[in-house]
Amino acid sequence: MATYFTFENIYKAYISCKKRKTRTLNHLQFSERLEENIFKLESELTDRTYRPGRSIAFIVQKPKIREIFAAEFRDRVIHHLLFSYLSPIYERYFIYDSWACREHKGTHGAMLRIKKFVGELEKDSPGFYLKMDIKSYFTSIDQEILYNLIAKRVKNEEILWLAKTIIFHDCAHDVEPKIQSQPSLFEKLPKGKSLFSVRKGKGLPIGNLTSQFFANVYLNELDQFVKHKLKARRYVRYVDDFVILEKDKAILEYYRTKITEFVAKRLLLTAHPKKQFISPIQNGIDFVGYLVKQDYILVRKRVIGEWRRRMDCTDKKLREKVFTSYVAHSIWANTFTLRKKIAKKLLLPSRVRPLTAIKAPSVCK
């Protein structure tokens, strides 16, 4: 069997990896001796001496506090290499309504899918929805189960070796000293949300392309169970948040019980007890930053509050970037009046495109 670890494939992975990172120091250092570095990676992969380098761990606090691991650039190239091999295989097995970290998917598509399902139900009696998520998902993924799921679909030994090398790498105990820059932030993490506190064999680092992909592989088992065993028609998942719509509340109660049992037994995960509920669809479905109603779509209050807070600065260029960024999110909802109010109240610079020049999706005008 021809090797996948060729100079050409590694170079393609490098091209994919460098997008939006051309000005970072890590990329500049790697690209300065590009040919030499790619040949070195090819050699390490071929003779199987490649080992992931040290990551930099840090905390982000918005939209919620999370622990991030930033891998070295050369390791990110390897992540793209592995992803380029595995993704075409798994795209054949992923369900349509898995919306995170996939080409032509995303939060907007997930929200519009919910909107479509709501529209399919009767307006006078639209029914109910079940919303659930997984408690401490990324730190709870069982590495052995994940690897076995990969091995079910992949028979290429060198790819299995690389997948195993990445999955079982203990990045929490192989980090750069920069982790100590703000130790107080790590103390704010809820229990079970840090790779520094989970037991060996558990968890994937948030921040890696492979982790995002493996997260979909892992919960694809749940997707298959919901769609083919429970026969749920209106089911949408984004990472570890998922929603099911039904006319009958009793059916959703049954789904909740079966899903809780399935993730516990098959995936060693816990359905978050405080983030699962059944509610009338007419109350609105809070999902991926939007509140989906029967006749319109709103942006979550928390998102609006953060938008207003970030706009409260003196730097005009920064305010313009913030405004443009949030408009890109809000145009998918019925927010023309909101956008106009924020723009007028905060007296944005004239360089910002007028609201009438920003085209909204046809369903949300």
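**Notes on the model**

1. Valine 118 lies in helix 5; helices (H or I, at least four residues) and strands (E, at least two) are DSSP runs, numbered from the N terminus. The model is a predicted one, in which local features need pLDDT of at least 70 and side-chain atom pairs count only at pLDDT 80 or more, while totals for chains, interfaces and linings use all residues. Residues are numbered from 1 along each chain as its sequence is written, and side-chain values use heavy atoms, with hydrogens and water left out.

2. Is valine 118 buried or exposed? With a relative accessible area of 3%, valine 118 is buried; the term buried means under 20% relative accessible area, exposed means over 50%, and partly exposed is in between (1.4 Å probe, protein chains only). Leaving aside neighbours within four places in sequence, valine 118 is in contact with Leu245, Ile281, Ile285, Val292, Lys293 and Gln294, where contact means heavy atoms within 4.5 Å. Its C-alpha atom is separated by 22 Å from that of histidine 104, a residue 14 places away along the chain.

3. A salt bridge here is a side-chain nitrogen of Lys or Arg within 4 Å of a carboxyl oxygen of Asp or Glu. Because lysine 116 and glutamate 120 are four residues apart in helix 5, about one helical turn separates them. Lysine 116 is partly exposed at 41% relative accessibility, and glutamate 120 is partly exposed at 36%.

4. How many salt bridges does a search of the whole structure find? The search finds 15. One of them joins arginine 102 to glutamate 91, with 2.7 Å between the closest N and O atoms. This pair links distant parts of the chain, eleven residues apart, although both arginine 102 and glutamate 91 are in the loop between helix 4 and helix 5 (107-120). Arginine 102 is buried, with a relative accessible area of 12%, whereas glutamate 91 is partly exposed at 32%.

5. A further salt bridge brings together the side chains of arginine 237 and aspartate 223 (2.9 Å, N to O). The two are 14 residues apart and link distant parts of the chain, with arginine 237 in strand 4 (residues 234-238) and aspartate 223 in helix 10. Both arginine 237 and aspartate 223 are buried.

6. Lys40, Glu44 and Arg74 belong to one network, joined by salt bridges that share partners. Glutamate 44 is in helix 3 (residues 34-46) and is buried, with a relative accessible area of 12%. Not counting residues up to four places away in sequence, glutamate 44 touches Thr49, Tyr50, Arg74 and Trp161. The C-alpha atoms of glutamate 44 and phenylalanine 5 are separated by 9.5 Å, the two residues being 39 apart along the chain.

7. Histidine 80 is placed in helix 4 (residues 73-90). It is buried, with a relative accessible area of 18%. Its contacts, leaving aside neighbours within four places in sequence, are Ala13, Ser16, Cys17 and Leu209.

8. Which residues form a positive surface patch? The patch is made up of Lys64, Arg66, Lys193, Lys275 and Arg302. Patches consist of residues with over 30% relative accessible area and no salt bridge, like charges being joined within 9 Å and nonpolar side chains (Val, Leu, Ile, Met, Phe, Trp, Tyr) within 5 Å. Lys and Arg count as positive and Asp and Glu as negative, with His and the chain ends not counted; a charge is placed at NZ of Lys, CZ of Arg, CG of Asp or CD of Glu. Accessible areas come from the Shrake-Rupley method with a 1.4 Å probe, and for residues only the protein chains shown count as cover. Lysine 193 is in the loop between helix 9 (183-187) and helix 10 (209-229) and is partly exposed, with a relative accessible area of 33%.

9. Two backbone angles should be noted. Serine 136, in the loop between strand 3 (128-133) and helix 6 (137-140), has a positive phi near 45°; serine 136 is buried at 9% relative accessibility. Lysine 231, in the loop between helix 10 and strand 4, has a positive phi near 65° and is exposed at 56% relative accessibility. Most residues other than glycine have a negative phi.
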